Amino acid sequence: IVKSNRFFPVFVTGHSGNGKTMSIEQACAKAKRKFICVSMTPETDESDLLGNYVLIDGNMEWRDGPVTIAARHGAVLCIDEIDYGAQNLSSLQRVLEGKPFMLKKKGELITPAEGFTVFATANTKGKGSDDGRYMFTNVLNEAFLERFRNTYEQEFPPVKTETKIIKKELESIGADPDDKFAENLVMWADTIRKTFADGGCDEVISTRRLVHIVETFGIFGDKKKAIGLCLNRFDEDT
């Protein structure tokens, strides 16, 4: 999709920390495409996304928002945690059709440049989180979701790929990338994820959490301590 240079908006869903946003960023880096990412919050509104007038040195000046910047430059726009944003995202519906859209406050019609497209990432499929794992995620409007061409359910990386990632992280902190530590971490995380899928535990160890363990090991030089500090966010039973 990134290589095609076409407008082709897609929705990427999956567990937190499994590399949804990173994979899009790296695909853009590999294809040498401009990449712009905006993280949604419950307070994000149309002005934050499209642009607004701001007070600078006593004068009101227009500042494009990330959506407008991406459209002007034909960049790949990633809207991160889109289900965590404000419930009213109707200002993006025209954008998600790839058609010219109006900056109402400025009275300017923006025609997206060639190459502009949109990726949205979320921990849910826009239907909210019934199990409470992803609190405050919103149920997204069906007409809004319908504008995404594809939905991708991103899983955690395969063991071989994840091991390669962790070995690269070990290398970046000056540790031996051939150490069994990387393989043990990945095997441990993979077993926990399978147990979670079978209903045997309530939490998973994400790829991000494995990276955090390696980074912590890089600071303290103690593997067991690094694991312990990175698991302190879970309750003791877990």
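This is a predicted model: local features need pLDDT of at least 70, side-chain atom pairs count only at pLDDT 80 or more; totals for chains, interfaces and linings use all residues.
**View 1. Helices H5 and H7 pack against each other.** Two packed helices are described by the angle between their axes and the distance between the axes. For H5 (residues 159-172) and H7 (residues 207-220), the axes come within 9 Å and cross at roughly 25°. Angles under 35 degrees count as roughly parallel, and H5 and H7 are therefore roughly parallel to each other. Their crossing is right-handed. On the H5 side, the contact is formed by Glu162, Ile166, Glu169 and Leu170. H7 contributes Thr207, Leu210, Val211, Val214 and Phe217. Sorted by class, the contact of H5 with H7 holds six nonpolar, one polar and two charged residues.

**View 2. Helix H5 also packs with helix H6.** The axes of H5 and H6 (residues 180-197) lie 9 Å apart, at an angle of about 135°. H5 and H6 are therefore oblique to each other. The crossing of this pair is right-handed. From H5, the residues Val159, Glu162, Thr163, Ile166, Lys167 and Leu170 take part in the contact. They meet Phe181, Ala182, Glu183, Leu185, Val186, Asp190 and Arg193 of H6. Seven nonpolar, one polar and five charged residues make up the contact of H5 with H6.

**View 3. Helices H6 and H7 meet in a right-handed crossing.** The axes of H6 and H7 come within 11 Å, and the angle at which they cross is roughly 145°. H6 supplies Phe181, Leu185, Val186, Trp188, Ala189 and Arg193 to the contact. The residues of H7 that take part are Thr207, Leu210, Ile213, Val214 and Phe217. In the contact of H6 with H7, nine residues are nonpolar, one is polar and one is charged.

**View 4. The largest pocket is lined by 25 residues.** Rolling a probe the size of a water molecule over the atoms shows where empty space is left. Which lining residues are the closest to the centre of the pocket? They are Gly19, Met22, Ser23, Ile165 and Thr207. Helix H1 (20-30), H5 and H7 are the elements that each give two or more residues to the lining. By class, five residues of the lining are nonpolar, eleven are polar and nine are charged. Thr207, listed here close to the centre of the pocket, also belongs to the H7 side of the contact with H5 and to that of the contact with H6.

Definitions and conventions:
Residues are numbered from 1 along each chain as its sequence is written. Side-chain values use heavy atoms; hydrogens and water are left out. Axes are lines fitted to C-alpha atoms, for helices over the stretch in contact, and angles run from 0 to 180 degrees between N-to-C directions. Helices (H or I, at least four residues) and strands (E, at least two) are DSSP runs, numbered from the N terminus. Angles under 35 degrees count as roughly parallel, over 145 as roughly antiparallel, 65 to 115 as roughly perpendicular and the rest as oblique. A crossing is left-handed if the near helix is turned anticlockwise from the far one by less than a right angle, and right-handed if clockwise. Contact means heavy atoms within 4.5 Å. Ala, Val, Leu, Ile, Met, Phe, Trp, Tyr, Cys and Pro count as nonpolar, Asp, Glu, Lys and Arg as charged, and the others, Gly among them, as polar. On a 1 Å grid over the protein atoms alone, a cavity is a set of points where a 1.4 Å probe fits but cannot get out, and a pocket is an open set with protein on both sides within 12 Å along at least five of seven lines; lining residues have an atom within 4 Å of a point.
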